[in-house]
Amino acid sequence: NDWLESQTLISKPRLVQSLVVEPGWERAVETVLGDYLQAVCVDNIEALAKSLSSLSEGGLTLLDESGNKQFVDQDQDQKLSRYAQGRSVERLLADVFVAESLASAMKIRKQLKAHESVVTQEGVWIGQSWLRINRSDDPQAGVLVRSDEILQLQDEVDVRMRRAEDFEKELKEIILTLAGTDKIINLSNSK
């Protein structure tokens, strides 16, 4: 946090904040992106690379957004990037294919190039010579679903706050009306 503050990056968005994932594909996206979910999105990594020596502890992932607009993913219909949009996410998911089942993923695996992989909707991620699975005991699991739930709850809080403000205005009007009525009653009783 100190390094981020010293580089005026503390308020820069994290990748997870910009992600929009098609329902049902959250676990697959979380499995593949992993630590990248907390990546700090920056305009230019090169300017920051010179100051990395002052980062004395902890880990950090920076995601360079410069030049991202020129990137076009070929065969996107077969890729995980079809199901997730966000800052620089297309590049991170460009070599990740999707499979409907584990059996299908295992068939696709045989045709993968060294830099490619395939993931199932359930979060089984497979490369040429490796397999990774994301289950609920993983502390990162569910972060996208929780993020969506938080946004929904924030919207609900906003709606309820507006309703409370409306009720407060209405209550003030009723109090004023009652005060006026009370004055009229007091005037007529004093005659």
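Before I go on, a word on what you are looking at. This is a predicted model, in which local features need pLDDT of at least 70 and side-chain atom pairs count only at pLDDT 80 or more, while totals for chains, interfaces and linings use all residues. Residues are numbered from 1 along each chain as its sequence is written, and side-chain values use heavy atoms, with hydrogens and water left out.

Back to E65, then. Where is E65 found? It sits in the loop between strand 3 (62-64) and strand 4 (84-85). Helices (H or I, at least four residues) and strands (E, at least two) are DSSP runs, numbered from the N terminus. Which residues is E65 in contact with, leaving aside its neighbours within four places in sequence? They are C41, V42, D43, R87 and S88, with contact meaning heavy atoms within 4.5 Å.

The side chains of E65 and R87 form a salt bridge, 3.0 Å from N to O; the term stands for a side-chain nitrogen of Lys or Arg within 4 Å of a carboxyl oxygen of Asp or Glu. E65 lies in the loop between strand 3 and strand 4, and R87 in the loop between strand 4 and helix 5 (89-93), so this pair ties together parts that are 22 residues apart in sequence. R87 itself is partly exposed, with a relative accessible area of 33%.

How many salt bridges does a search of the whole structure find? Four. Another of them joins the side chains of D43 and K12, at 3.3 Å from N to O. That pair links distant parts of the chain, 31 residues apart: D43 is in the loop between strand 2 (40-42) and helix 4 (45-49), and K12 is in the loop between helix 1 (2-6) and helix 2 (15-18). K12 is partly exposed, at 25% relative accessible area.

As a reminder, an α-helix has 3.6 residues a turn, so residues three or four places apart point the same way. E168 is partly exposed, with 45% relative accessibility.

Now let's zoom out. The protein has seven helices and eight strands. Of its 191 residues, 32% count as buried. Among contacts between residues at least 6 apart in sequence, 47% join residues at least 24 apart. The accessible surface is about 12,900 Å², and 51% of that belongs to carbon and sulfur atoms; these areas come from the Shrake-Rupley method with a 1.4 Å probe, and for residues only the protein chains shown count as cover.

Next, the covered parts. Helix 3 (residues 26-33) has seven of its eight residues buried, namely E26, A28, V29, E30, T31, V32 and L33. After helix 3 comes G34, with a positive phi near 45 degrees.

Strand 6 (117-120) is covered too: S117 and V119 point one way, V118 and T120 point the other way, and all are buried. Strand 6 runs parallel to strand 5 (residues 96-99), and four bridges join them; two strands pair if DSSP finds at least two bridges between them. F97 has V118 as its bridge partner in strand 6.

In the loop between helix 6 and strand 6 we find K113, which counts as exposed at 51% relative accessibility. K113 and D95 are 18 residues apart in sequence, and 9.3 Å apart in space from C-alpha to C-alpha.

Last stop, the surface. L102, M106, L131 and I133 make a nonpolar patch of about 350 Å². Helix 6 (102-109) and strand 8 (131-133) each give two or more residues to that patch. Patches are made of residues with over 30% relative accessible area and no salt bridge, joining like charges within 9 Å and nonpolar side chains (Val, Leu, Ile, Met, Phe, Trp, Tyr) within 5 Å. M106, found in helix 6, is partly exposed at 34% relative accessible area.

Key: Buried < 20%, exposed > 50% of the residue type's maximum accessible area, 1.4 Å probe, protein only.
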